[in-house]
Amino acid sequence: MRKSGILRKQYISRGFFQRRVWFFSSHSEVKLETVTVNVTIQDFVADVASQLFFRNVQEVSKETMFIFPVNSDTVVHTFYATTGDTRIEAMLWEKEEAQQLCKATLGMENLRYLQDQCDLWGPVFACFLGTLPPKAEVAISLCYVQELPLQPGGAAQFCWPSQLFPRINYLSLLCGEEISENLHFSICLKSAHGVSHIAINTSHTPLEYTAPDQTSAEFSLKSSPWMEGSLNLLVYYKGSPTLSAVVERQDPKAPPGSLLGDPVVMVTLMPNIPETVPSPGQLGEFLFLMDRSLFQDAQNTLLFLLKSLPLGCYFNIYTFGATFKAFYPQSVEYTQESMDNAMGRISSICPDLGGCDLLGLLRSIYSTPLLHGHPRQLFIFIQRKISNEEEAVMAEVYRYRDHHRCFCFPTNNFKLSQAMALETKGECVCIHSRMDMTSEAVKCLQRALQPTASGISLHWDLPSGLEVSTIRKAPEVIFQGHQRSIYAQIHGQAQDAEVDEGAVTLQYHVGSESFSYTLRFSLSPSSDDRLPVHRMAMMHLLWKLAWEGTSRTKDILHSAVKSSLSLGVPSPFTSSVAVRMTQRDAQHRDSLPPDSSMLLSPSSNLVPCQLLWLHGFMPVWFDSTKFWMLQKCQFCLEMLGHKAPDTEALTPLSASCKERDSPPEEQLMEELPAFNIRWEWTISPLSSRLCDFSGLRVVVALQKANGSWALTAALASALGLSKDDVEGRRASEDMQPTAWATVLALVWLHRYKWKVSWSELLEGKACMWLRDQAEVQLHECLEAANSLFGCFVEPTIFRM
């Protein structure tokens, strides 16, 4: 997602950028008056061309600049600003040449000042536009291509920020006057599957199909989203496609054999992954990265995570501070022995309040080979800031984003953690307390244990004479609810000109089941002069060449960089420098040779313009202040050994707080009910025998790796029972002691769930072990356990 604005140098608008949500506050002294946007969406790629007209409404001149956040799924290929007879255009140059030009560019120190002093954090495109006279207008032209994320139901999601809509008098909307004269926003939809319908949060013209088979449609916006919300468009396609393909013709002016001179196909993989599979299948490699300054608070979390892992997976634990250490040289299989060994090492870790070498740790992890059949997933618990290494960390994460997923749990380093999670399609949860850390980490582990698509392969069937060269290959694994776009170049000349259709087959496994889907696609698509698919493919090719280093020939690299410059696609081999020119020069620029003296103009005509990584800080508000206060209150009560508030009252209140979408400032001014509600304490005959959190830790620590418990005095004590009670209340003397102990612990955990909900994975392991014990009479065991505890837990606890 992108956003942009024209702002004074002295004031950079506050905002926090993430892939799907835009936060921005525009500067009122430079007003956005008119917006013209044309969007073409083909399956899961969007081609956006926009013109934004700003006016300085003040009586004094304003020094202005343009900032535009970027991400790894978007290619900005065209930017220029026009005011009066002057045009400032961003151009790509080879890196060494661009560095020489930057040395001659006046005002480059402004970009360095922006990099360190701006409140914003993350990568942005920045260009200083100079002084805007009073009442003067500046027109910004911005064009970019973007891969669209997959949403539940198979929809492609496109967003446009509220700050890039002209301000509207909403009283006119209440009177039925919807159409805005200064908003021209048209959207064209295309898909070989057929366009089904759209969901959008603003008024629009009816969806009009422009092809008899409904493979294309268009509509326009009538107004901005209600109450200045961001535009959120979901595009649904016909059927339930597991595969989609967008083929784009070559540029007729480019030489055959080059990326531009050949057709390119974008294949989007959306495997249908069942929620449950008959066999465990892939289990995964789980790596737990723990900031040693957090370690004393995180020991309970590691205990629950280790105990919740399934037999047969692989795991490792890393601790980091000024240096990093691993429990094992490489990941080990999860067995009783390895689990006991890891539990013994946890207590020996010493806190470290020094530096934070997360970068070195990630490089060490990424240098180890992936374990076939075990998707790699990182759980990162971090408290300290990483000084000036965020860009390098994100470069490493981006390089290996197709190979792993990150679940991040920061206490204050939220910006970097969220960027890592977004880049790898993981999750980031800010931690408020020790209890919250354990709860959220186990929830993410549940998500990480969901079935995945593995063994992914693509097989092409093209007419004789054509072959495919993959630019971005299929990933090792695709997680549930995710997609992956593959780019390939089609070489050669078809021997039979009448055959204009190809096919691609996706094969993958989920557990022990195999799946195969075939999609046929046309090799004669309509031409698109803007080449959006070629631009996305070029971006992936250039990064691939950069990572491979010198393993590719110089000819291939030279050809790719040349294509990059012609398409305007940024890469590790290029850099941006803007040039100020007259409108007349701009009209004739395309006809001039690349080494034209007009382009290598005096330094006064070179404008500061670069991709930057900003090091600012933005305060992060949690989803709901109320819900956090309730969690904190409940946590304090549990630590004091009291029973928590009545859950029937707490649950709906917490849920309503979670659903709140009001600004943090409003939430802070509202009444906080956590300390105003009179809790009704319920005292039961067994209340004195209910364990506190320390008892829960003991019960969990005693569980075996296979999910069972041994019948010991320590377990009986943790359950609040004597060993004589446990031995004397068995359903039968020949009942297996381990099975009886496991049923007791399972019932006890199930009754404890009103305090914590993190025991579900532990219960699931216990149930699986019990179901494998054919000789155990589960109903008799359950009846005896209910009698001993004085409760009634239904047989559904065994998940039969």
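These notebook entries record what I looked up on helix packing and aromatic contacts in a predicted model.

I took residue numbers from 1 along each chain as its sequence is written. Local features need pLDDT of at least 70, side-chain atom pairs count only at pLDDT 80 or more, totals for chains, interfaces and linings use all residues, and side-chain values use heavy atoms, with hydrogens and water left out.

Entry on helices. I looked up H4 (residues 295-308) and H5 (residues 336-346), whose axes come within 11 Å and cross at roughly 175°; the axes are lines fitted to C-alpha atoms over the stretch in contact, with angles from 0 to 180 degrees between N-to-C directions, and helices are DSSP runs (H or I, at least four residues), strands likewise (E, at least two), numbered from the N terminus. H4 and H5 are therefore roughly antiparallel (over 145 degrees).

Entry on aromatic pairs. I found 19 aromatic pairs in the structure, a pair being rings of Phe, Tyr and Trp (its six-membered ring) with centres within 6.5 Å, stacked under 30 degrees, edge-to-face over 60 and tilted for the rest. One of them, Phe288 with Phe379, is tilted, at 5.5 Å centre to centre and 55° between the planes. Phe288 lies in strand S18 (residues 285-291) and Phe379 in strand S22 (residues 376-382), so the pair ties together parts 91 residues apart in sequence.

Terms used:
Parallel < 35°, antiparallel > 145°, perpendicular 65-115°, else oblique.
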